[in-house]
Amino acid sequence: MLSRSLYGLGLAAIAAISWGTIGLAQSYAQPTIDASWVVVFRLLFASCFFTTCFVLKKEYRLLSVGTLRSLFPWIILAASLISVNNICFIYGVRSTGIAMGSAATIGSAPIWAGLLTQWLLKKPLNGRWWLGAVLAASGVTGMMISQASSWHIDVTGLAVCLLAGLCYAGFTLSSGRLVKDLSPLASTTCIFFIAFLITVVAAVILGHVPTGINHVDWMVFIYLGVVPTGLAFMLYTTALRFIAAGTAVAMTLLDPVTSFCLALTVAKEPLEAGALISLILILLGLRLIAKNDKS
C-alpha cells in the first residue's frame, strides 16, 4: 500500500506534468491576443470547472459562514498571490526572455518555499532537502538556458520573475493552510474565482481587450482552464494534505521537464548536451527531496 507522502508526491508530480503542456498549448492561440488576457480566459474556465464540480458534489453543504469568515483572509491572500504570480511571470519573460524568465521563476520557487517554511512556519529543513532543491533548481536554469536560441538579462525583468517565484511559494503555503479546514475542491473554487476577478482588473489595465477570437483560441482557453489549471490544481491542493509545501513546490520542477520532452518529441527541437545534464540534475534533486518527505 502506498504511503501517504508517496501518494502526495504522485499527485503533485501529475499536476506538474500537466503544467508542462501549457507552453505548447498556448502556441496554438493567436499571438495578437495579449498574454494577460490568455491568463484571464484560463482562470475563467478554471473557475467554471471548479464551480461546476463544487455544485455537483454538493460540497456547499459542508461549508459554514463561520468557517469562510475565519479563512477569508487566507483565501484573499492565496488568490492575490496566484494572480500576481501570473502577471509578474508575463511581464518578466517579456523583459528578460522566456528562457531566463522561466528559469528565474520556476527555479527560485522551491528555494523561496524552503526559506518561507523555515522563517514563517519555523519548520527547519535538513541538508538533504536543501541539496535536492539546489540541484533541481540549477538543473532547471541550465536546461532552459541551454535550449534557448537567445536570451539576455534585464535586471528589472529578472527581479519580477523572482517575485513571481516568491508569490507561487507563498500561494502554496497559503493553500496548505486552507486545506486543513476546507476540502481541496472548496479551497480551489474560492481561490480561483477571486483570482479571476483580480486578474480581469489587471488585464484591463495592462492590455487591450482582445477582438477576433476564433474557435481554435477558445479550444486553447478551455484546455488551459480545465486540464493544467482545473484538474492540476485540484490534484496539487490535495497533495498538500500529504506532503510539505516546500516539497510540493519542488515537484513543480517537473513542469519544465515535461516542456523539454514535448519540445524534443513534438516540436522536434535538437537535444543539447547541456540540457541532458540539466535533466539529470533535476531528477537527482527531486529524488533527494522525495526521499526526504517519504514516511
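This model is predicted, and the number of aromatic pairs in it comes to 19. Take Trp 19 and Phe 233. Their ring centres are 5.0 Å apart and the planes stand at 45°, which lies between the limits of 30 and 60 degrees, so this pair counts as tilted. Where do Trp 19 and Phe 233 sit in the chain? Trp 19 is in helix H1, residues 4-19, and Phe 233 is in helix H9, residues 215-239. They are 214 residues apart, so the pair links distant parts of the chain. Both Trp 19 and Phe 233 are buried.

A second pair is Tyr 168 with Phe 171, also tilted, with 5.9 Å from centre to centre and 40° between the planes. Here the two residues are three apart in helix H7, residues 155-178, so about one helical turn separates them. Tyr 168 and Phe 171 are buried as well.

These four residues belong to one aromatic cluster, which also includes Phe 49, Phe 50, Phe 192 and Tyr 236.

Now the helices. Two packed helices are described by the angle and the distance between their axes. For H8, residues 184-206, and H9, the axes come within 9 Å and cross at roughly 125°. That angle makes H8 oblique to H9. The crossing of the two is right-handed.

Which residues meet there? From H8 there are Pro 184, Leu 185, Thr 188 and Phe 192; from H9, Thr 229, Phe 233, Met 234, Thr 237 and Thr 238. By class, this contact of H8 with H9 has five nonpolar residues, four polar ones and no charged ones. Phe 192 and Phe 233 take part in this contact and are also members of the aromatic cluster.

Key: Residues numbered from 1 in each chain as written. Predicted model: local features only at pLDDT ≥ 70, side-chain atom pairs only at ≥ 80, totals over all residues. Heavy atoms only, no water. Phe/Tyr/Trp six-rings, centres within 6.5 Å; stacked < 30°, edge-to-face > 60°. Helix = DSSP H or I, 4+ residues; strand = E, 2+ residues; numbered from the N terminus. Buried < 20%, exposed > 50% of the residue type's maximum accessible area, 1.4 Å probe, protein only. Axes fitted to C-alpha atoms, helices over the stretch in contact; angles between N-to-C directions. Parallel < 35°, antiparallel > 145°, perpendicular 65-115°, else oblique. Left-handed = near helix turned anticlockwise from the far one by under 90°. Contact = heavy atoms within 4.5 Å. Nonpolar A, V, L, I, M, F, W, Y, C, P; charged D, E, K, R; others polar.
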